[in-house]
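Visitor: I would like a quick tour of this protein chain. Can you take my questions one at a time?

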Amino acid sequence: MLKDTSSSSAAAPPRGPALAAPPPGRPAASRLSGDLGMLTVCLIWGMNFSITKLALATIPPLPFTAVRFVIASVLLWIVLRLLEGPGALPPGATRLLILLGILGNTCYQLAFTVGLNHTTATNSALILSMLPTVVAVLAGLLRLERVTARMRWGIAIGTVGVIIVIATRGVGFHSSTLLGDLMTLGAVFCWAGYTIGLRRIPPGISSLRVTTATTIAGTPGLVLAGIPGVLRLNWAEVPRVAWAGLGYAAVFSLVLAYLLWNRSVKAVGGTRTAIYMCLTPLVAVAGAWLLLGERPHPLQGVGAVLIVAGVLLTRAGGNNVSGKSEAF
């Protein structure tokens with residue numbers, strides 16, 4: 001899930017009365033297109049939890065992730081060459097993009113995919129929904145944002161929601177989902193660190209180039225982790241539903257969603273992007289109910305409401321002191 005918005009701040013409209021009118025070059029139709037694009041991304045990412053869960057029933061998580069990222073890297077490289085062509089990166093940017101690719105793709109994807117294999121799609125989606133709150137905490141500790149009282153309340157409410165979600169499934173060393181829940185929490189912190197790191201990328205690099213570079217940089221580690229499983233698996237016996245899930249996770253969840261997300265962020269801004277992210281766990285819960293038969297527990301519904309309320313409250317109280325748009 002890459003969300004680089006460093007270039008959006010440069011296109012911000014001037015302060016004052018001009019804010020009441022649509023900014024130049026950004027007509028209402030363009031903003032509507034951005035809204036529709038973000039709704040599409042929420043739908044893609046929300047359904048990805050259950051679709052991936054179906055594919056993991058046949059393809060183990062490590063080879064699944066390795067093949068998925070190889071496909072996505074090749075497709076992103078082709079799209080980048082077609083749309084932007086070759087281009088040199090500023091000094092120092094290459095090392096940063098490699099580090100971010102390892103943290104945000106290798107580490108995050110291993111924790112997310114293996115975690116999803118050991119927990120439910122609903123738990124995974126709801127725990128990941130606290131991502132904007134964790135990013136706000138880290139940004140405040142690093143003095144990238146001022147942590148207001150409203151943000152602290154949002155963080156507390158969202159944390160309580162996550163605790164309710166995990167407790168509903170049975171907290172304890174005997175719980176069958178505990179390992180997956182903890183790994184998913186680890187994935188949240190990996191992606192949060194990656195998101196904070198995006199703010200250090202030089203402003204002249206496009207979102208598409210950042211997405212491609214970090215995806216390619218994170219792929220070798222995933223391939224190394226997945227090679228044993230790739231060699232052991234009899235791919236001829238993989239059913240069509242698993243192939244479809246793999247294709248969905250690579251083409252839609254990685255390539256298409258990344259491109260739609262980056263385009264939408266430039267059209268409507270970082271704050272509205274974070275708000276739309278709150279719809280993803282709701283789509284995921286519905287998808288798990290329809291595709292996997294995971295009926296939500298009433299307490300999970302309470303936890304979901306608290307998580308969404310906490311995220312919204314936190315983002316509504318965020319003041320970006322760095323002058324850059326949010327990279328959520």
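Guide: One term comes up throughout, so here it is: contact means heavy atoms within 4.5 Å. Keep in mind that this is a predicted model.

Visitor: With that cut-off, which residues does Thr65 touch, not counting residues up to four places away in sequence?
Guide: Start with its place in the chain: Thr65 is found in helix α2, residues 61-83. Contact requires heavy atoms within 4.5 Å. Leaving out residues up to four places away in sequence, Thr65 touches Gln109, Thr113 and Leu222.

Visitor: Is Thr65 buried or exposed?
Guide: Buried means under 20% relative accessible area. Thr65 has a relative accessible area of 1%, so Thr65 is buried.

Visitor: How are the axes of α2 and helix α3 set: roughly parallel or oblique?
Guide: Two packed helices are described by the angle between their axes and the distance between the axes. For α2 and helix α3 (residues 93-117), the angle is about 135° and the axes are 9 Å apart. That angle makes α2 oblique to α3.

Visitor: Which residues of α3 meet α2?
Guide: From α2 come Pro61, Leu62, Phe64, Thr65, Arg68 and Phe69. The contact residues of α2 with α3 divide into 6 nonpolar, 5 polar and 1 charged. On the α3 side, the residues are Asn105, Gln109, Leu110, Thr113, Val114 and Asn117.

Visitor: What does Gly226 contact, leaving aside its neighbours within four places in sequence?
Guide: Gly226 lies in helix α8, residues 207-232. Gly226 is buried, with a relative accessible area of 0%. Leaving aside neighbours within four places in sequence, Gly226 is in contact with Leu62, Pro63 and Ala66.

Visitor: How many Å apart in space are Gly226 and Leu110, C-alpha to C-alpha?
Guide: In sequence, Gly226 and Leu110 are 116 residues apart. In space, C-alpha to C-alpha, the distance between Gly226 and Leu110 is 9.9 Å.

Visitor: Now to another pair. Is α5 oblique or roughly perpendicular to α7?
Guide: Helix α5 spans residues 131-141, and helix α7 spans residues 178-198. They pack at an angle of about 55°, with axes 9 Å apart. That makes α5 oblique to α7.

Visitor: Is the crossing of α5 and α7 left-handed or right-handed?
Guide: Look first at who meets whom. Leu131, Val134, Val135, Leu138 and Ala139 in α5 meet residues of α7, including Val188, Phe189 and Trp191. As for handedness, α5 passes α7 in a crossing that is right-handed.

Visitor: How many of the residues of α5 are buried?
Guide: Among the buried residues of α5 are Pro132, Thr133, Ala136 and Gly140. α5 is largely enclosed by the rest of the structure, because its buried residues number 8 of 11.

Visitor: Which residue just after α5 takes a positive phi?
Guide: The phi in question is about 65°. The residue that takes it is Arg143.

Visitor: Let us step back. How many helices and strands does the chain have?
Guide: From the N terminus, the elements run α-α-α-α-α-β-α-α-α-α-α-α-α-β. That gives 12 helices and 2 strands.

Methods: Residues numbered from 1 in each chain as written. Predicted model: local features only at pLDDT ≥ 70, side-chain atom pairs only at ≥ 80, totals over all residues. Heavy atoms only, no water. Axes fitted to C-alpha atoms, helices over the stretch in contact; angles between N-to-C directions. Helix = DSSP H or I, 4+ residues; strand = E, 2+ residues; numbered from the N terminus. Parallel < 35°, antiparallel > 145°, perpendicular 65-115°, else oblique. Left-handed = near helix turned anticlockwise from the far one by under 90°. Buried < 20%, exposed > 50% of the residue type's maximum accessible area, 1.4 Å probe, protein only. Nonpolar A, V, L, I, M, F, W, Y, C, P; charged D, E, K, R; others polar.
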